[in-house]
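Hi everyone, thanks for making time.

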Amino acid sequence: MQNSEELKWALLIASMAMLMMAFCMISFVMYYQKRRFEEEKRINEIEKNYNRLLLDTALNSEETERRRIAQDLHDDIGTMLSLTKLSLNQLSKMVENYGNEKDDQIMRKSQSLVEETILHVRRITRDLVPTTLERFGLLEAVGEFVHKLEEGNKLAISFHASPEEFPRQGQKLELTIYRIIQELVNNAIKHASCSRIDINLEINDVLIDLRVIDNGVGFDPDKIKESNLAGLGLLGIESRLAIVNGTVQYEKPEKGGSRAFVQIPVMPVSDSKPEPLHPFRRERVNI
Amino acid sequence: MFETYFAYSLRKPIPCFSTFITLLPIVLIITRKAYLDPTFKLLLFYSLSKLITDLLIFDSAVRQQNSIVYFNISIPVFYSLLAGMFYFKFSSSIYKKGILYSIGGFLVFAIWDISNSNLEITDFQNHRAVLFAKTVEGVLIIVLILMYFYEIINSLVIPDLLTFPFFWVCSGLLLYYSSFIFIAPILHYAASWKNIQDLGIARTVPYIFEIICALFFSVGVYHFSADDYAKQ
Ligand SMILES: Nc1ncnc2c1ncn2[C@@H]1O[C@H](COP(=O)(O)OP(=O)(O)O)[C@@H](O)[C@H]1O
Ligand SMILES: [Mg+2]
């Protein structure tokens, strides 16, 4: 009887030990699984940030390159064109004095060509680098852009911003919005064959809300994305937005046309002073 | 008749409760349509066969007959059903094949063990519990559960284990079989001592964990959602 009493105890203890092990096993699996999941999440986060950084760098270098080209155009070709214009002026005086009617006509034609070229170069430089944006901010720059487009085309483009005056945003954010507006409006002109475009910009403390609406043929964003129709434009918008955590939605309203709806969270203005106009001279690699 | 059952239940409340608590997961599996998933269909069959076995044992205990024969027969049946659940849970075909072989092998082994423990197989009154089979069943099930846990950790597809039905099922089984694994071989001798040998609290612990196991099943089935299963 004594023996069986001991046996009972031994059994009880063994069972308890086994149970303890089972219990530890279950807790361990739960704990370990949770930790691995968190780790995985962190790695994903890091990867995402890294990708964003890469994109950012790519876009930055694109902007830098634009500036370099603009600067070269302005400094080299622009200067040479000015000199050419000067020489032509002198020549024209000589032709006026000694030449005949025909020479004079050719002279005048060359002069106007050079003048036009100078204008074109200036326009291209300004398109490449939105100087207005840097100096006077988003409202001015978009206003100017719209104004220029309206001049050339038979188009009604309206631009509304509310509030009418808002503080300058970070330089990168302004450039992002500007380029997106540029692309959306250009798309509407290129593809939609529309007669009016409405641009609406709303800014509050947390969100920047941009709507670009046209009354053209409209398009199905899903189909465009599926097929390989999506050009660089729409993709570019998305990658620019990815950097600033923004989102874009395209809609196709019933009554025709298309609508682009962009939302970007407002970021605290960190480096409010605009980058110097010659960033390529002190190139910075921020990786 | 009913009074004798009732009196017996009062004398042994925990084993009785462990018998009837099995109804809870059964009802839940049916009401939550968990049987759409093959794993839970097998769990339903397991619970049903367990309920039937327990009821038969309960009945023979009341009639003071030897109930061990039901216990012995249930061993290969339970193992086939439980291992079948893991058959559907593992993705690797090697594991699947292994599980099928283990079911076949265990069936043969259990039959051998039953006949080995009982010289006179038709003598139901003096029927004795198997010596190895229940322990081997426990070891095999625990191994399967641990293998499944390993796969869970490795594959990282389940975001929250606490809402994952099969994790509860595994945990319940792991606790139950862990509590039973040392008792099982003793039963062979305990029964041969003509039931004089009462294992006392050591025998009650597995009953308690049987109840816990059924509760775990219920929690797991409660988290089961037929919509999720359809989406898989
Ligand atoms: N406002 C719009 N109206 C109609 N179609 C559009 C509009 N914007 C874009 N699309 C369609 O989406 C396609 C992809 O545009 P985008 O990515 O800007 O490339 P790209 O302008 O270089 O063709 C265009 O080819 C056009 O078919
Ligand atoms: Mg485009």
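Let's begin with the aromatic rings: over all chains, the structure holds 24 aromatic pairs. A pair here means rings of Phe, Tyr or Trp (for Trp, its six-membered ring) with centres within 6.5 Å; planes under 30 degrees apart are called stacked, over 60 edge-to-face, and the rest tilted. Take Y46(B) and F78(B): their ring centres are 5.1 Å apart and their planes sit at 70 degrees, so this pair is edge-to-face. It links distant parts of the chain, since Y46(B) is in helix 4 (residues 38–62) of chain B and F78(B) is in helix 5 (residues 68–89) of chain B, 32 residues apart. Helices, by the way, are DSSP runs of H or I with at least four residues, strands are runs of E with at least two, and both are numbered from the N terminus.

Y46(B) and F78(B) are both buried. Buried means under 20% relative accessible area, exposed means over 50%, and partly exposed is in between, using a 1.4 Å probe and protein chains only.

Next pair: F90(B) and Y148(B), with ring centres 5.9 Å apart and planes at 75 degrees, so edge-to-face again. F90(B) is in the loop between helix 5 and helix 6 (93–117) of chain B, while Y148(B) is in helix 7 (residues 133–155) of chain B, so the pair ties together parts that are 58 residues apart in sequence. F90(B) has 1% relative accessibility, so it counts as buried, and Y148(B), at 5%, counts as buried too.

Ring pairs also link Y79(B), F106(B), F109(B), W112(B) and F132(B) into a cluster.

Before going on, a word on where this comes from. This is a predicted model, so local features need pLDDT of at least 70 and side-chain atom pairs count only at pLDDT 80 or more, while totals for chains, interfaces and linings use all residues. Residues are numbered from 1 along each chain as its sequence is written, chains are lettered from A and ligands numbered from 1 in the order in which they are written, and side-chain values use heavy atoms, leaving out hydrogens and water.

Now look at I141(B), in helix 7 of chain B. Is I141(B) buried or exposed? At 0% relative accessibility, it counts as buried. Leaving aside neighbours within four places in sequence, I141(B) is in contact (heavy atoms within 4.5 Å) with Y79(B), L82(B) and Y177(B). The C-alpha atoms of I141(B) and Y177(B) are separated by 7.7 Å, though the two are 36 residues apart along the chain.

On to the metal. Which protein donors does the magnesium ion (ligand 2) have? They are E183(A), through OE, and N187(A), through OD1, lying 2.1 Å from the ion. Donors are N, O and S atoms within 2.8 Å of the metal (3.2 Å for Na, K and Ca), and water is not among the atoms, so sites may look incomplete. E183(A) and N187(A) are four residues apart in helix 5 (residues 171–192) of chain A, so about one helical turn separates them. E183(A), at 22% relative accessibility, counts as partly exposed, whereas N187(A), at 15%, counts as buried.

Last, the two chains together: 21 residues of chain A are in contact with 29 residues of chain B.
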